[in-house]
Amino acid sequence: MMKAKEIRELSAEELTTKLGELKKDLFNLRLQHATNKLENVNKISEVKRDIARVNTVLRELQLAAK
């Protein structure tokens with residue numbers, strides 16, 4: 001789980017890359033959950049929160065650029 005402070009230190013390009021990685025992770029976790037191979041179901045919600053944090057910081061950067 002990433003902290004908001006860590007996310008704010010990344011550049012916009014790094015945030016976009018991180019967002020792609022997190023979405024892939026979420027897809028894989030959902031697939032594992034569907035096949036009953038996921039032991040820690042809480043991991044899904046952690047990744048969702050990380051995605052939301054990254055999206056929030058990206059939006060803040062967009063608004064600051066205007």
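This is a predicted model: local features need pLDDT of at least 70, side-chain atom pairs count only at pLDDT 80 or more; totals for chains, interfaces and linings use all residues.
The secondary structure of the protein chain consists of three helices and zero strands. Along the sequence these elements follow the pattern α-α-α. The C-alpha trace spans about 45 × 15 × 15 Å along its principal axes. The chain has 66 residues, of which 23% are buried. When contacts between residues at least 6 apart in sequence are considered, 64% of them join residues at least 24 apart.

Helix α1 covers residues 4–8 and helix α2 covers residues 12–34. The 23 residues of α2 reach 33 Å from the first C-alpha to the last, and this is close to the 33 Å expected at 1.5 Å a residue. Five named leucines of α2 are buried, namely L15, L19, L22, L26 and L29. The elements that cover the buried residues of α2 include α1 and α3.

Helix α3 runs through residues 42–65 and has 24 residues. Its span from first C-alpha to last is 35 Å, close to the expected 34 Å. The buried residues in α3 are I44, V47, D50, I51, V54, V57 and L58. Their cover includes α1 and α2.

The axes of α2 and α3 come within 9 Å of each other and cross at roughly 160 degrees. An angle over 145 degrees counts as roughly antiparallel, and the two helices are therefore roughly antiparallel to each other. The crossing in which α2 passes α3 is left-handed. On the side of α2, the contact is made by A12, L15, T16, K18, L19, L22, K23, D25, L26, L29, R30 and H33. On the side of α3, the contact is made by K43, I44, V47, K48, D50, I51, V54, N55, V57, L58 and L61. By residue class, the contact of α2 with α3 divides into 13 nonpolar, three polar and seven charged residues. The buried leucines L15, L19, L22, L26 and L29 of α2 are among the residues that make this contact. On α3, the buried residues I44, V47, D50, I51, V54, V57 and L58 also take part in the contact.

Two of the contact residues, R30 of α2 and K43 of α3, are 13 residues apart in sequence, and their C-alpha atoms are 9.9 Å apart in space. K43 lies in helix α3 and is partly exposed, with a relative accessible area of 36%.

The loop between α2 and α3 contains N36. This residue, just after α2, takes a positive phi of about 60 degrees. Most residues other than glycine have a negative phi. N36 has its positive value although the residue is other than glycine. With a relative accessible area of 71%, N36 counts as exposed, because exposed means over 50%.

K3 is exposed, with a relative accessible area of 51%. The C-alpha atom of K3 is separated by 8.3 Å from that of D50, although the two residues are 47 residues apart along the chain. D50 is one of the buried residues of α3, whereas K3 is exposed.

Technical notes. Residues are numbered from 1 along each chain as its sequence is written. Side-chain values use heavy atoms; hydrogens and water are left out. Helices (H or I, at least four residues) and strands (E, at least two) are DSSP runs, numbered from the N terminus. The expected span of a helix is 1.5 Å times one less than its number of residues. Buried means under 20% relative accessible area, exposed over 50%, partly exposed in between (1.4 Å probe, protein chains only). Contact means heavy atoms within 4.5 Å. Axes are lines fitted to C-alpha atoms, for helices over the stretch in contact, and angles run from 0 to 180 degrees between N-to-C directions. Angles under 35 degrees count as roughly parallel, over 145 as roughly antiparallel, 65 to 115 as roughly perpendicular and the rest as oblique. A crossing is left-handed if the near helix is turned anticlockwise from the far one by less than a right angle, and right-handed if clockwise. Ala, Val, Leu, Ile, Met, Phe, Trp, Tyr, Cys and Pro count as nonpolar, Asp, Glu, Lys and Arg as charged, and the others, Gly among them, as polar.
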